[in-house]
Amino acid sequence: MNLKDYLAVSGLPGIFRMVASRNNGLIIEDLDEGKRRFVSSRKHQFTPLESIAIYTDDGDSTELKNVFGSMLEQLEDNPPVNPNGPTETLKEYFADVLPTYDKNRVHTGDIKKVVKWFKYMQERNLLDTEETT
């Protein structure tokens with residue numbers, strides 16, 4: 001699964017594709033409309049999905065692509081829950097997807113983001129199980 005060109009931008013909903021980098025920000029592309037626009041680094045923070053990891057019980061972490069892979073594998077048997085649902089439901093779902101996640105360091109808001117991002121990308125057929133180098 002290749003998350004290299006996808007990023008979350010603070011203050012903007014959804015996931016975007018990075019098109020180009022400038023010294024004062026990024027040019028991003030909306031995944032729905034395909035429109036490109038400049039986003040200033042003075043106003044926004046950029047988080048590449050490739051750099052995100054989830055803390056695990058063993059003191060280490062696992063990459064977001066591995067969590068998404070597990071969610072894809074369980075898609076039919078255990079579909080993603082509503083990210084705005086009850087906290088306990090979210091935690092139970094996430095424990096099924098990643099049983100070793102650190103319950104003290106991974107907050108409910110983190111789980112909500114992961115579920116929202118997964119649904120967003122899955123609805124647009126941007127997730128695949130093939131490993132790219």
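At what angle do helix α1 (residues 64-73) and helix α3 (residues 108-123) pack, and how far apart are their axes? The model is a predicted one, in which local features need pLDDT of at least 70 and side-chain atom pairs count only at pLDDT 80 or more, while totals for chains, interfaces and linings use all residues. Residues are numbered from 1 along each chain as its sequence is written, and side-chain values use heavy atoms, with hydrogens and water left out.

Two packed helices are described by the angle between their axes and the distance between the axes. For α1 and α3 the angle is about 65° and the axes lie 11 Å apart. Here axes are lines fitted to C-alpha atoms, for helices over the stretch in contact, and angles run from 0 to 180 degrees between N-to-C directions. The two helices are therefore roughly perpendicular to each other, a term that covers 65 to 115 degrees. On the α1 side, the contact (heavy atoms within 4.5 Å) is made by Leu64, Val67, Phe68, Met71 and Leu72. Helix α3 contributes Val114, Val115, Trp117, Phe118, Met121 and Gln122. By class, this contact has 10 nonpolar residues, 1 polar residue and no charged residues; Ala, Val, Leu, Ile, Met, Phe, Trp, Tyr, Cys and Pro count as nonpolar, Asp, Glu, Lys and Arg as charged, and the others, Gly among them, as polar. Helices (H or I, at least four residues) and strands (E, at least two) are DSSP runs, numbered from the N terminus.

Helix α1 is largely enclosed by the rest of the structure, because 7 of its 10 residues are buried, that is, under 20% relative accessible area with a 1.4 Å probe and protein chains only. The buried residues of α1 are Leu64, Val67, Phe68, Gly69, Ser70, Met71 and Leu72. Their cover includes β6 (53-55), β7 (61-63), α2 (87-97) and α3.

Leaving aside neighbours within four places in sequence, Met121 is in contact with Leu3, Tyr6, Ile15, Leu49, Phe68, Leu126 and Leu127.

Elsewhere, strand β3 (residues 25-30) and strand β4 (residues 36-40) pair in the antiparallel sense over 5 bridges; pairing requires at least two DSSP bridges. Glu29 has Arg36 of β4 as its bridge partner. The hairpin of β3 and β4 has 5 residues between the strands, and Gly34 takes a positive phi near 75° there.

Arg42 lies in the loop between β4 and β5 (46-48). With 83% relative accessibility, Arg42 counts as exposed, the term for values over 50%.

Note on methods: Angles under 35 degrees count as roughly parallel, over 145 as roughly antiparallel, 65 to 115 as roughly perpendicular and the rest as oblique.
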